[in-house]
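I opened this model to look up a few things for my notebook. The entries run from the whole chain down to single residues.

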Amino acid sequence: MFHLLVADDDKNTRRLFKAVLERENYTVFTAEDGKAAMNILDREHIDLIVLDIMMPGIDGYTFTEMLREAGNNLPILMVSAKQLPKDKHRGFLVGTDDYMTKPIDEEEMLLRIKALLRRAQIVNERRITIGDTVLDYDTFTVSRSGETQELPQKEFLLLYKLLSYPGRIFTRIQLMDEIWGSDSDTGWETVTVHIGRLRKRFEGWDAFEIIAVRGLGYKAVRKK
């Protein structure tokens, strides 16, 4: 049973989100502001936070920044009426994992929460398992049925990123920024080279496939 925390200063929103989430069998705690949310985190195990931005006292941006500076990587879904790109950018810069704008589509919120919880589990375990194939983050290895390949760091991180979000398309620039860093002098063509190496290395492996999406970028597909 996952424990979720909904932090929002609007009472009706808290009631709605609580009802929607409890229908999915989540245990839900609610807080009317950042301070109350912090108090709940101190005494309860929480798996994910649904967080409003505009709250009195400690707002959502500050709350997220405080958690991340303290080394807390709890998944956060930021929910706000703020719809401008700069507001979303700020949310991601301070450390949110996802961002939705109000009014909320309930089904989409549930899908995003499930995806965040699944990715958090992958991060905590530091491995991805697809059938009999295992990616081990701690050793940069990919194994299946007694066969193990140890990958160069960048190749492994690239593959791990793609398989953490199966079916999601990443542009070369996104992957470049994520794996090499936005301040890297290396061009995005490096991503193409590394993808080519990965596709050749795992040619014939039936657990996954890396697909080039013309004009967009790349995605990984799990086959098991």
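**Overall.** I counted eight helices and 11 strands in the chain; helices (H or I, at least four residues) and strands (E, at least two) are DSSP runs numbered from the N terminus. This is a predicted model, where local features need pLDDT of at least 70 and side-chain atom pairs count only at pLDDT 80 or more, while totals for chains, interfaces and linings use all residues. Residues are numbered from 1 along each chain as its sequence is written, and side-chain values use heavy atoms, with hydrogens and water left out.

**Size and burial.** The C-alpha trace spans about 55 × 40 × 30 Å along its principal axes. I get 45% of the 224 residues as buried, where buried means under 20% relative accessible area, exposed over 50%, and partly exposed in between (1.4 Å probe, protein chains only). The chain's accessible surface is about 12,100 Å², and carbon and sulfur atoms hold 47% of that; areas are from the Shrake-Rupley method with a 1.4 Å probe, and for residues only the protein chains shown count as cover.

**Contacts and charges.** Taking contacts (heavy atoms within 4.5 Å) between residues at least 6 apart in sequence, I find that 53% join residues at least 24 apart. I also looked up the 33 positive and 36 negative charges, whose mean positions are 4 Å apart. Lys and Arg count as positive, Asp and Glu as negative, and His and the chain ends are not counted; each charge is placed at NZ of Lys, CZ of Arg, CG of Asp or CD of Glu.

**Helix α8.** Residues 189-201 make up this helix of 13 residues, and its first and last C-alphas are 19 Å apart, close to the 18 Å expected at 1.5 Å a residue (1.5 Å times one less than the number of residues). Which residues of α8 are buried? They are Thr190, Val191, His194, Ile195 and Leu198. These sit on the same side of α8, because they cover an arc of only 135° around the axis, taken from the directions from the helix axis to the C-beta atoms. What do the buried residues of α8 pack against? I see α6 (153-164), α7 (172-180), β10 (208-213) and β11 (217-222).

Aspartate 52 lies in strand β3 (residues 48-52), and counts as buried because its relative accessibility is 5%. Beyond neighbours within four places in sequence, aspartate 52 contacts Ala7, Asp8, Asp9, Gly60, Val79, Ser80 and Lys102. Arginine 68, in helix α3 (residues 60-69), is buried as well, with a relative accessible area of 19%. Leaving out residues up to four places away, I list Asn73, Leu74, Ile76, Val94, Gly95 and Asp97 as touching arginine 68.

Most residues other than glycine have a negative phi, and most peptide bonds are trans. The bond from lysine 102 to proline 103 is cis, with omega near 0°, and proline 103 is in the loop between β5 (98-101) and α5 (106-125). Asparagine 25 has a positive phi, near 70°; I find asparagine 25 in the loop between α1 (11-23) and β2 (27-31), exposed at 54% relative accessibility. Serine 145 has a positive phi of about 40°. Its loop runs between β8 (141-144) and β9 (147-150), and serine 145 is exposed, with a relative accessible area of 65%.
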